[in-house]
Amino acid sequence: MAEPIRELALCGITKRFPGVLACDRVSLLVRRGEVHALVGENGAGKSTLMNVLAGLYQPDEGRILVNGAPVHFRTPADACARGVGMVHQHFMLVPSMTVAENVALGLSSLHRRLRLDLEKARRRVAEVSDRYHLPAEPDAPVWQLSVGEQQRVELVKTLCLGARLLVLDEPTSALTPQETDDLLERLKRLAAELPVVFISHKLAEVKALSHRVTILRRGAVVFSGDTAGKSTAELAALLTGHEVRPVRNEAASGDGAVVLAVRELKIRADRGHLAVDGLSLEVRAGEIVGLAGVSGNGQRELSDALAGLRPVEGGSIRLDGEELAGEPPRRIIERGMGYVPEDRHQEGIVPSFSVKENLVLKDVAAPPFSAGPFLRLRAIEEHAAALRDRFDIRCASTAVAAGALSGGNIQKVILARELSRRPRALLAAYPTRGVDLGATEFIHGQLLALRASGAAVLLVSEELEELMALSDRIAVVYRGRILDVVPGREATRERLGRLMAGVEA
Amino acid sequence: MIHDVLALGVPFSVGLLLAALGENFNQRAGVFNLGCEGVMSVGAFLGFLPSYLFATSPLLPWAPAVGFALAAAVGLCLGLLFALVTVAFRAPQGIAGIGLQMLGWGVAGTIFRHFIGGVVGIPGVAAWPIPVLSRIPFLGDVLFRHDPVVYLAFLFVPASAWLIHRTPWGLRVRAVGTHPRAADTLGIGVARVRTEALALGGAMAGLGGAYLSLCQARMFADDLVAGRGFVAVALVYFGRWSPLGIMGGALLFSLAQALQLALQVAGIKFPYEFAVMLPYALVVIVLALAGRSRMLGPAALGRPYDRETRV
Amino acid sequence: MLWVVSVVALAGLAAAALSSLVLLAIGASPWATFVTIFTGPLRDSFTASEIGVRAVPLVLVALGTAVAFRSGVLNIGAEGQMLLGILACTAVALNAPGLPWPVLLPLTLLAGALAGAAWGAIAGWLRARLEVNEILSTVMLNYIAAQLYTFLLRGPMIDPDELMTGSGTPQSMRLPRGAWLSRLVPGTRLHTGLLLALSLAFLVWVLLWRTTLGYRLRAAGAEPRAARYAGIRVERSLVIAMLVAGAMAGLAGAVEVVGVHHRAIEAISGGYGFAGIVVALFGGLHPAGIVPAAAFFGLMLVGADMTQRSAGVPANMVLVLEGLIILAIVSAGMFVRNPYAQERTARLVRRLFSKGPPAPVAAAGPAAEGDP
């Protein structure tokens, strides 16, 4: 077991990736007994910095000091051995194994050569569970646990492996408000025993939990000090470098006709159970309906079915009265359904194709982009140039591979393509995830403009602030059905949180 | 006739079984090695070589053991070569596998043709009937009257299951094949585990090939392996990455081959070529039936792992 | 640029070095062998023309392979598809001898292409509908095709003369003159199939980069999920790609029959099926690269034949070279395309050439409070 860490200092860490300066002489100091928040927009360098600390990346310059002595982590094993325990945003748990096996994986060096000693792992899990009040069942297979439970398991695992310092990367991104509060409580208790660093872009949590905060912008530190001294607004301003005026949906919602009507939809998940079980939802022309819910409650299956990529077992999906359930994607696209997918890199664009080729991905087979079997390169070129201007897509030229653009710009390419087709209804799944604030503002503006033009927008998101700011109505999905639909003006964090956890209004 | 088919089919499956069990380690760790065929070719040649060289020397009784050892050693090296290309260089595994296959095939064929070139028989390995059990009517012939390598190969089925599920190394292999990043953050060297698995897989493919030339055909020819290496890879999918399932698949394939021979011996008129075709067609059918099961396999199978890729 | 050149050079050297090891093992001189392989054919106009003869089927198979690979289907079944093409072409030619050549010749070529396409479609369908790994299925189909070929050639399709004279060489009857491709250069075996191959190279380029079908094939191959979301029918694209690839391989087989041998014989496919894949990779899966790559490999194949006769290096050596070239290309490709690899190598080189680990930058302590 490593010796306790009283103090950890990162001094002047610089890390470069091809074409990007991810960390620029960043310094950070954490002491035992305090929770230190590391804040920054997506792409500001927070995760990179923590990955350097965890031994996953090698810094180009700078060093790490533990209790005053310099250390060099060449591999994650070195960092683990010294007591750095990292809980990643995307869980590092092998889903097909049990909790004990996952812990045993990290304890490999302690086993006798040939026999796998799961008993030892089980005992360790029980010990840590009791000591830190983090209930975890050693023999439960991870894939059966809920997101909140998995996160607890990650914490337990990290502590079992002898962590003397905890780093949590966006720990609350997939939790309901209640689970978030619960987690923050536990972290406060843990902080008494070990230093805790937590990375977040959610300023409310930062204010609630941390004693000190370091703010990164474009890879460099712009502020480091006590949290108590700054208000959320001041922190937000430091975060973005300018005054933040969030885009809000202020216009009165129209009484448009129902454009998208989903009734009693039933969809089976890969694992065999009904992921969507009798879901009914309506989106009218000129309105934004937000879909809130903990991920894993059927959003994925619903989105896929709306795009025509998943068979529907029962119920109907109607767009302007026409039945779309079970139709192939081609027809659904022709009927006027637009889609901004969750995974922009693999579902939204073909990364190796150029920007201009991606902009015609859905329409390439018809005029003006093709004449007979042949492509009309000139038309494609002009179309791309026009969209690039209109949507402010930052790229060297439209012949650049789309995969090389930043997250925000890729999202703009996707939006440009979808919006220029003037869809009747748009399904936007997590459109601002991993996108910096500037691009987020732009995307929100575009969604509101689409709403104003009379289209129906279904916005799936895990950011309650975003949903509350943009939606006319917010539907909460739980276990595959809509539990309730709350008008935007009446939506509060508490009320949505209760619904997301399955508590009926 | 069933008796003959079974008695032949069991030893026929050994070459396949050894190679497939080795490939199972590869795939559990997330890598599929289509070069198995080439490694088996080299193994077959090296298994044959000592018996040929020692033909008139007093060292002849040692020749099979030397052959197996040589085949395993070189197979291990070829596994390491494949690891270099697919793990260290992160090249696409499918094409790299075909490259390795051509290389192995070519090397074995070139050296054989240059130095030997004809059909040369070797004594092979004698059968060791197990004392009491081999006298059981019917089952005795089928199960207990084979050369020692057959017994060892079948013993390796539970042994490899134990290796995968009950040892720390096996735990690491499974983690690396399912969620390499998780393993990496825990300090487990993904590249190292994959290389170890590929080395073991290569050694076993070499052994499988050596069995074919030493014990089964008792000679060597260019096309001795005849696609069994590819069949071995297919068997791993078919057997759902479980040694028992793989054994079942190997027996199925070799029973089909044994059937072909038994039909000929029995004088049943069946065009020779169609009989030879049968096992390959069977593999295609088997693949068709097993196709969807890919979801149950190691989640990271076929994808090179790069720690520094921005997640 | 320097990076690309040095990587490619290193890969080439590695391949050469490893093949030299094999050559040394059989007692041949690596230098002499390489010289024979790469310069031997150029010394004589006949052997030089043979390069063209070998290149024709290589170009065709490689073009089909390129279409398949770019569409996301790894077709290794060119060998089997060629054999089917040969069978179909021979069968058609022998059964319609009276037709005039403007009809017979295209008909036989078409038959070859269709048969190859059908054989390829089996694997394509298995992949599209049942998610069967196409590498395994096409390899199995190769073996099945080989058996079928032998069966037909020794049985129903054997030249009746062979049976009468009792020599029993498995080969079909000679094709009627109407189904022969004429010689381009008298005195050599170089035939008009070369023109066909070159025009198809152009057509494949047009297909992939100038038509909507080609766009969709490439999208399906580059990122099938995004293609699906965009309404492209990925499964259909896979099957189309296999049809094209199979047709090209079948055509290659037919061309070999009507252009070179004028009958179906036993060792006809000559490994072109596998060599064509290597040519495709070497040519960067692009017609502009495939044509010169095919010439290069043609050179290698003729040269390897020469070394067999002169230096006693068995023809299998070609397989060794091909295998090493594949390994070298895929390894080099990863280095060239991966920006991180460049970074890491640069770091490694720096570390090797400096004494010990880089001295840590003496930075100031933790950040001061409230920096603007």
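A crossing of two helices is left-handed if the near helix is turned anticlockwise from the far one by less than a right angle, and right-handed if clockwise. The model examined here is predicted; local features need pLDDT of at least 70, side-chain atom pairs count only at pLDDT 80 or more, and totals for chains, interfaces and linings use all residues. Residues are numbered from 1 along each chain as its sequence is written, while chains are lettered from A and ligands numbered from 1 in the order in which they are written.

Chain B holds 12 helices and zero strands. Helices (H or I, at least four residues) and strands (E, at least two) are DSSP runs, numbered from the N terminus. The radius of gyration of chain B, taken over C-alpha atoms, is 19 Å. The globule rule (2.2 Å times the number of residues to the power 0.38) also gives 19 Å for 311 residues, so chain B is as compact as a globular protein of that length. Its C-alpha trace spans about 65 × 40 × 40 Å along the principal axes. Of the 311 residues of chain B, 59% are buried. A residue is buried if 20 or more other C-beta atoms, placed from the backbone, lie within 10 Å of its own.

Chain B also touches chain A. Here 20 residues of chain B are in contact with 24 residues of chain A; contact requires C-beta atoms, placed from the backbone, within 7 Å. On the chain B side, α7 (168-178) and α8 (180-185) each supply at least two residues. That side comprises eight nonpolar, five polar and seven charged residues. Ala, Val, Leu, Ile, Met, Phe, Trp, Tyr, Cys and Pro count as nonpolar, Asp, Glu, Lys and Arg as charged, and the others, Gly among them, as polar.

Chain C has 15 helices and zero strands. Its C-alpha trace spans about 100 × 55 × 35 Å along the principal axes. Of the 372 residues of chain C, 52% are buried.

The axes of α8 (residues 193-210) and α13 (residues 287-310) of chain C come within 9 Å and cross at roughly 155°. Axes are lines fitted to C-alpha atoms, for helices over the stretch in contact, and angles run from 0 to 180 degrees between N-to-C directions. The angle therefore makes α8(C) roughly antiparallel to α13(C), a term for angles over 145 degrees. The crossing of α8(C) and α13(C) is right-handed. L198(C), A201(C), F202(C), V204(C) and W205(C) in α8(C) meet P287(C), I290(C) and V291(C) in α13(C). The residues of this contact are eight nonpolar, no polar and no charged.

How values were computed
Two residues are in contact if their C-beta atoms, placed from the backbone, lie within 7 Å. A residue is buried if 20 or more other C-beta atoms lie within 10 Å of its own, exposed if 12 or fewer, and partly exposed in between; C-beta atoms are placed from the backbone. Angles under 35 degrees count as roughly parallel, over 145 as roughly antiparallel, 65 to 115 as roughly perpendicular and the rest as oblique.
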